[in-house]
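Visitor: I would like to learn how to read a model like this one. Please start with the overall layout.

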Amino acid sequence: MTAASVPVHPPAPGARIEINGLSKVFGDFRAVDNLSFVVEPGRVTGFLGPNGAGKTTTLRMLLGLIRPTEGTATINGQPYASLPDPMQTVGSALEATNFHPGRTGRDHLRVIAAASKVPDARVDELLELVGIAAAAKKRAGAYSLGMRQRLGLAAALLGDPRVLILDEPANGLDPEGIRWLRGFLRHLSSEGKTILISSHMLSEVEQTVDDVVIIANGRLVRQGSIGELHGARRSLVRTTDAPRLARALSDAGHAVQQTGNDSLEVTGDDPRHIGDTALAIGLPIYELRESKSDLEDMFFELTSAPENRNRNLGDGTPPPSFDVQQGGGQ
Ligand SMILES: Nc1ncnc2c1ncn2[C@@H]1O[C@H](COP(=O)(O)OP(=O)(O)OP(=O)(O)O)[C@@H](O)[C@H]1O
């Protein structure tokens, strides 16, 4: 099933997510610390941070599953618990592990659908849409993690919600599954839906998202469009006479920095122009590649920082388990 075959519903007007001064303290541990950001409709927003950064805790507060210590989290201007039509407003899939293992995928959806007065026809439509119709009558306990992710996504979409919140949706998907998810989410956002997906891996969601919100240690680190945060394109080039190539590139108007005896870094240019310039002055090129962006460097530093790793050990309290659900509950 491709994203192009998503059934046509009248586009739902978007709903904004607003997180304002949000904090959550467990005992003496501040899991989320004065966090503020906005998620706009019609865009896919990646909520990124290393393991233990506080992403799931933030999403649980947003979905009314746990109470904030301070601050507010609203969807379309209201806390989850006050939404007049939660099922049509928000669909969510937190950790994809808590299915009744003996129940079929289809029955899992039918139970949720019945509780929310969604017709069974919608269940079958969604099974088809997320690509697990062939396994609909198999026990969910026998599903792979990737299939459970798809089932969770189907559950989240039952009410055709305006906002979709997915915790680590790419977890367990193979490269083909990740590509499928990308097309699927981009299609939903093009209908005007607000999509918030968390991930601890930038590379997993980088090509899917329009905007990113990056947190570490429960605090906001950066927020912006993926284009803004990527910064200028940079290329690394190795040749036999780096100073000569640097002069030629500089004369051609490129920003160049010599980074080693035989290497240069060129900012903001198409790598083909670098190759053409080298060819024009008869220099061989031994290596020419795009270097990692500022965003990737920053994310790598964040995820490899010792203080973040230590924090990931937590306070010995195992993290709670989560159900796949439509928005909030308790
Ligand atoms: N109920 C709880 N009691 C105590 N500590 C908790 C509780 N829930 C979460 N934590 C701690 O809060 C921190 C943030 O956890 P959270 O699950 O929100 O992180 P995350 O960014 O979602 O990480 P991951 O990418 O690993 O899912 C972790 O150190 C975690 O152990």
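Guide: The centres of domain 1 and domain 2, taken over C-alpha atoms, are 43 Å apart. Domain 1 covers 17-228 and domain 2 covers 234-291, with bounds from an automatic or database domain assignment. Residues are numbered from 1 along each chain as its sequence is written. The model is predicted: local features need pLDDT of at least 70, side-chain atom pairs count only at pLDDT 80 or more, and totals for chains, interfaces and linings use all residues.

Visitor: What is the mean pLDDT of the chain?

Guide: pLDDT is the predictor's confidence in each residue, from 0 to 100. The chain has a mean of 84, and 87% of its residues reach 70 or more. Over residues 1-8 the pLDDT is below 50.

Visitor: How many residues does helix α6 have?

Guide: Helices are DSSP runs (H or I, at least four residues) and strands likewise (E, at least two), numbered from the N terminus. Helix α6, residues 175-190, has 16 residues. From first C-alpha to last, α6 reaches 23 Å, close to the 22 Å expected at 1.5 Å a residue; that expectation is 1.5 Å times one less than the number of residues.

Visitor: Which residues of α6 are buried?

Guide: A residue is buried if 20 or more other C-beta atoms lie within 10 Å of its own, exposed if 12 or fewer, and partly exposed in between, with C-beta atoms placed from the backbone. In α6 the buried ones are Leu181, Phe184, Leu185, Leu188 and Ser189. They lie on the same side of α6 because they cover an arc of only 130° around the axis, taken from the directions from the helix axis to the C-beta atoms. Pro175 and Glu176 are exposed, on the face turned away from the buried side of α6.

Notes: Contact = placed C-beta atoms within 7 Å.
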